[in-house]
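Here is a short briefing on one protein chain.

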Amino acid sequence: AAFDPRGADDVDFVEVAAGLATLAPASMDDKIEAAFALYDVTRGGVARPELAAYLLAVYRVLQSCSANLAGRIHHAGGPAKLADDTSRACFKAKALPDDAALDVQLFKEFVCEGISRAYEI
């Protein structure tokens, strides 16, 4: 379930890779850069829907690893709602349109904000 954000009883490569990257014994920067490379398939940056997809993978793994975080994420409406709300809040805070392309630095900033948000809710 942690690697199947659609709940379709199957997973694709990006879903598994995003979930595994969250668990990898690497620095946070390295994990986020790997995720950015996964989602930046056009090499033109990552848009809000891709940020939300990555945050969804992160939140699903976090809720699977911690009962405390699972409760917090559930209280926020579940991982999909939290990922969508967080990605929208990040874009709104920087006055970016939904189709803006994030570079790796802004992607890192938004992912860190998203991870922090899971602990603060």
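Of the chain's 121 residues, 42% count as buried. Keep in mind that this is a predicted model. The chain holds six helices and zero strands.

**The chain as a whole**

- Along the sequence, the elements follow the pattern α-α-α-α-α-α.
- The accessible surface of the chain is about 6,300 Å². Carbon and sulfur atoms account for 57% of that surface.
- Take the contacts in the chain with a separation of 6 or more: 61% of them join residues 24 or more positions apart.

**How α3 and α5 cross**

- Two packed helices are described by the angle between their axes and the distance between the axes.
- Helix α3 spans residues 48–65, and helix α5 spans residues 79–93.
- Their axes come within 8 Å of each other. They cross at roughly 135°.
- The crossing of α3 and α5 is right-handed.

**Who touches whom**

- On the α3 side, the contact is made by R48, L51, A52, L55, L56, Y59, R60 and Q63.
- On the α5 side, P79, A80, L82, A83, D84, T86, S87, R88 and F91 take part.
- What kinds of residue make up this contact of α3 with α5? There are 10 nonpolar, three polar and four charged residues.

Terms used:
Residues are numbered from 1 along each chain as its sequence is written. This is a predicted model: local features need pLDDT of at least 70, side-chain atom pairs count only at pLDDT 80 or more; totals for chains, interfaces and linings use all residues. Side-chain values use heavy atoms; hydrogens and water are left out. Axes are lines fitted to C-alpha atoms, for helices over the stretch in contact, and angles run from 0 to 180 degrees between N-to-C directions. Helices (H or I, at least four residues) and strands (E, at least two) are DSSP runs, numbered from the N terminus. A crossing is left-handed if the near helix is turned anticlockwise from the far one by less than a right angle, and right-handed if clockwise. Contact means heavy atoms within 4.5 Å. Ala, Val, Leu, Ile, Met, Phe, Trp, Tyr, Cys and Pro count as nonpolar, Asp, Glu, Lys and Arg as charged, and the others, Gly among them, as polar. Buried means under 20% relative accessible area, exposed over 50%, partly exposed in between (1.4 Å probe, protein chains only). Accessible areas come from the Shrake-Rupley method with a 1.4 Å probe; for residues, only the protein chains shown count as cover.
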